[in-house]
Every structure is written in structure tokens, then in C-alpha cells.
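Good morning, everyone, and thank you for making time for this. Please have a look at the sequence and the model on the screen, and then I will walk you through a few parts of it in turn.

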Amino acid sequence: MTGSRIGVVGLGQGRHLARWATRTGLDVVAGCDLDPARLDAAEEIPSRSPDWRDLLGLDLDGVILAGDFDTHAPLAVEFLDRGVHVLSETAACTSEQEGKRLIAAADSSPASYSFAENYVCLPHVRLIRELVGRGEIGRVELIEADYLHGLSPEAITGLLGPADHWRNRISATAYCTHTLSPILATTGAYPVQVAAHAVVDSARPTAVVMVVRLSTGALAVARHGFLQGEPDSHWSWLSVRGDRGLVENVRGRGDDAWSVRVRMEPWAAPAGQVREEVVVPEPMPLGGEPVERAAEGTVAVLAAFRDTIEHGAEPLVPVRAAVAASLVGVVGAESLRRGGEPVPVPSVD
Ligand SMILES: NC(=O)c1ccc[n+]([C@@H]2O[C@H](COP(=O)([O-])OP(=O)(O)OC[C@H]3O[C@@H](n4cnc5c(N)ncnc54)[C@H](O)[C@@H]3O)[C@@H](O)[C@H]2O)c1
């Protein structure tokens, strides 16, 4: 039996996803990119074109959107309207209006929308979500997430690229989805208000801290961008304080960074004495073989997309959570312009 027929828009991160999609049993039949060099290089993809509209006529079951960060929503709507399942890279939308249009398209489509949020399924995040979900630390009061790169100034300039590249085009708060998605998935909450601050105040901040009030009443703190102290766990760190204890991944080196520390004081610990332990997340094999830990989130996202297309499983990160996480970046930009004033996040109901 052959897997579902998949097309890919954008062959940077998209080509990486295509390779893992093939390993998870999907059949990547088509790809597109505006860049002829990337198009030529992706010779493992049988049908290639510079124009994403060519994918609309190929009777695809699903499409992976991995073009420019700030361009995904209109394409997602177009594919959903034609009954093609969508897996979209992060961000989902760049405005409230775009987000509402995307939700309406997903609600009325026979196909599904999934957010390609590998960060909710990285090993430490999976384990923390499981521990919080089991009630190990009680009700969540404070949740903090980092997505940080400790690059040199020269490396940052190199990564940002030319002035018209999407990395320069987007606001300093926009790329918050790799922190907000784990926060929302762990708490089951929605963001209601955001206050954003530049770490170093400048016309173009390279790192921001956002303080987000959640619908459960808990407080979230998200840090992303370029800041020294990069976590070895695929640039991601997550810490959750409940009203009975703490879980967080260890700020250690190499594989130690995936491990999760649990801390409870004697009054809250079942044994009546301090509970201080470090738990190693279970590996996530693919086809019986171990995969590198940093790739586990990607494998989980693609396996979930396959199961959504082929078995009607619920999307791993559905459209409302995707739009909510993306709108934090949109609203955060407004807060930044207003000197850190708290700004309400539009509802995604
Ligand atoms: N989840 C993750 O871990 C992760 C990692 C890297 C990138 N990403 C996301 O993937 C997306 C792409 O990132 P990237 O690093 O590959 O960026 P990139 O700029 O290197 O590549 C984007 C590619 O898309 C192509 N493209 C843009 N618009 C197009 C269009 N309309 N039709 C066809 N091709 C088009 C460009 O020519 C370019 O080759 C972004 O949304 C980014 O946030 C996610």
C-alpha cells in the first residue's frame, strides 16, 4: 500500500520535512520553490515547479507549507477550500483577520489543518506535559518557555540574510510559536493578554521577553530570539511551577538537557520528604529504530499528520491553538510599540 500523496511548498525546512515524511510512510510526490537552485537540488521529489498553484491540480491528499514564515495562511485557506489536508509551518497567521479566515476555512473544509509544531513533542516537553497532565505538580501557576540561540553577532547577521528576507520582515515578537505552543499544549489554556519587552531596547531587538496571562489564570513567560545561554535541547527550555511542585528540563549539556527535574517540598510530596529526582524521557523509535532526540518532535508531527489524513485522528496542534500562538506574536508587536503595555489577545472561539 502506498502512503498518502503529499506536496511541499518551500524546499528549505520543507525538504527536511519531506525526508522525514517519507520515513513516516507518506508519499511526497511534488514540491515547489521560487529558488531554482533549491528546486534542482531536491531531486528525490518527482514533480517540481516554481509555482505553488501547480500543486492544486495534482490530486494531493495533503500539503506541507514551509515557505516564508509570514505567508502561510492564504495558501492554507486555498488548499483547505479544495479539500486538501494542511500541515503548516509556524506561524499560522500574521493578523487577527487572517487568523479568523483560516479558522473559518478549517471549520468548513472536509480536510484538516495541523500546525507543524515539533516543539510540543520534543522529548522533555512530552514528558513535562505528561507529568503536568497527571496532576503531579497540582494546578499550574507559572510556566516559562525559552527558544534561544546563543549565536555570535556575525552569525546572527548571516542567518537574518538580505533585508527583504522573511527573517528581517517579521516583527521581533513574531517567532514566539516555539514557546507559546508548548505553553498552550501543557496548560490547555488560551492566551488572553500579552506584555512584550525587548531585552536590549533597539529599533530591531534580537531577543524579546513576553509576559502572557492565560485563560486558566496562570502566568506564562516566554523568551525567544538570540540570547546567550542556549539550551542543548533543540534550543528549547520549559519550566512549570504548580501549586504543589516544579517540573523543568535540566539546564545541562548534551543529552542531559532532555532530562526533566521534579521538585516537591516535604509538605507536598507523597513520601513527606523532599522529592528531588531527574527523569529521562522515553525514546520515540521510528520503524523499530531509534531516531535522534532532536528529531523526535518532527517525527511525531509527521506521524500525527499521516494519522489525521489516513485515519481521521485529531490534529496534533489544531487550528485554534495555532492561531492563538501566532496571535501572541502579532499582539506582542503592538505591546512592544506601546513600551510594554499589556494588550488583549483576540479570542479564537
Ligand atoms: N519547526 C521548526 O523547527 C522549523 C525549523 C526551520 C524553519 N521552520 C519554518 O519553516 C518555514 C521556512 O523556513 P526556512 O528556514 O526553510 O526558510 P528559508 O527562507 O530558508 O526557505 C523558505 C523557502 O520557501 C521558498 N518560498 C517562499 N515563498 C514561496 C512560494 N510562494 N512558493 C514557493 N516557494 C516559496 C523560498 O524560495 C525559500 O527557498 C518558516 O515558517 C520557518 O519558521 C520551522
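Predicted model: local features only at pLDDT ≥ 70, side-chain atom pairs only at ≥ 80, totals over all residues.

I would like to begin just after helix 10, where G339 takes a positive phi of about 70°. When I say helix or strand, I mean a DSSP run, with helices being H or I over at least four residues and strands being E over at least two, both numbered from the N terminus. Residues are numbered from 1 along each chain as its sequence is written, and side-chain values use heavy atoms, with hydrogens and water left out.

Helix 9 can be described in the same way. It has 16 residues and reaches 21 Å from its first C-alpha to its last, which is close to the 22 Å expected at 1.5 Å a residue. Of those 16 residues, 12 are buried, so helix 9 is largely enclosed by the rest of the structure, and among the buried ones are T298, V301 and F305.

Now to the sheet. In which order do the strands of the open sheet come? There are 9 strands, in the order 14-13-12-11-7-10-9-8-15, and the pairing is mixed; two strands pair if DSSP finds at least two bridges between them. Strand 14 (275-279) and strand 15 (343-344) stand at the edges with a single partner strand each, so one side of each is left without a neighbour in the sheet.

Strand 7, residues 140-149, is mostly covered, with 8 of its 10 residues buried. Strand 7 pairs with strand 11 (residues 236-242) in the antiparallel sense over 7 bridges, whereas 8 bridges join strand 7 to strand 10 (residues 219-226), and those two run parallel. You can follow this at I143, which stands opposite V240 in strand 11 and has A220 as its bridge partner in strand 10. At V140, the bridge partner in strand 11 is G242.

Strand 11 is mostly covered as well, with 6 of its 7 residues buried. A hairpin of 3 residues joins strand 11 to strand 12, and these strands pair in the antiparallel sense over 3 bridges, with R241 standing opposite L246 in strand 12.

How many cavities of 30 Å³ or more does the structure hold? It holds 2. A cavity is a set of points, on a 1 Å grid over the protein atoms alone, where a 1.4 Å probe fits but cannot get out, and its lining residues have an atom within 4 Å of a point. A volume is the space filled by probe spheres set on the points, which are joined across faces, edges and corners.

The largest cavity has a volume of about 40 Å³, and Q13, L17, E89, A116, N118, T298 and V301 line it. Helix 1 (13-23) and helix 9 (296-311) are the elements that give two or more residues to this lining.

The second largest cavity has a volume of about 30 Å³, and its lining includes K100, V323 and P346. Helix 4 (96-108) and helix 10 (319-337) each supply at least two residues of that lining, and the largest share, 4 residues, comes from helix 4.

T90 is buried, with a relative accessible area of 2%, and a polar contact of 3.5 Å joins its side chain to that of E89. A polar contact is a pair of N or O atoms within 3.5 Å; within protein, one must be able to donate a hydrogen and the other to accept it, and residues adjacent in sequence count only if both atoms are side-chain atoms.

How values were computed: 1 Å grid on protein atoms, 1.4 Å probe; cavity = no way out; pocket = protein on both sides within 12 Å on 5 of 7 lines; lining within 4 Å. Buried < 20%, exposed > 50% of the residue type's maximum accessible area, 1.4 Å probe, protein only. Expected span 1.5 Å × (residues − 1).
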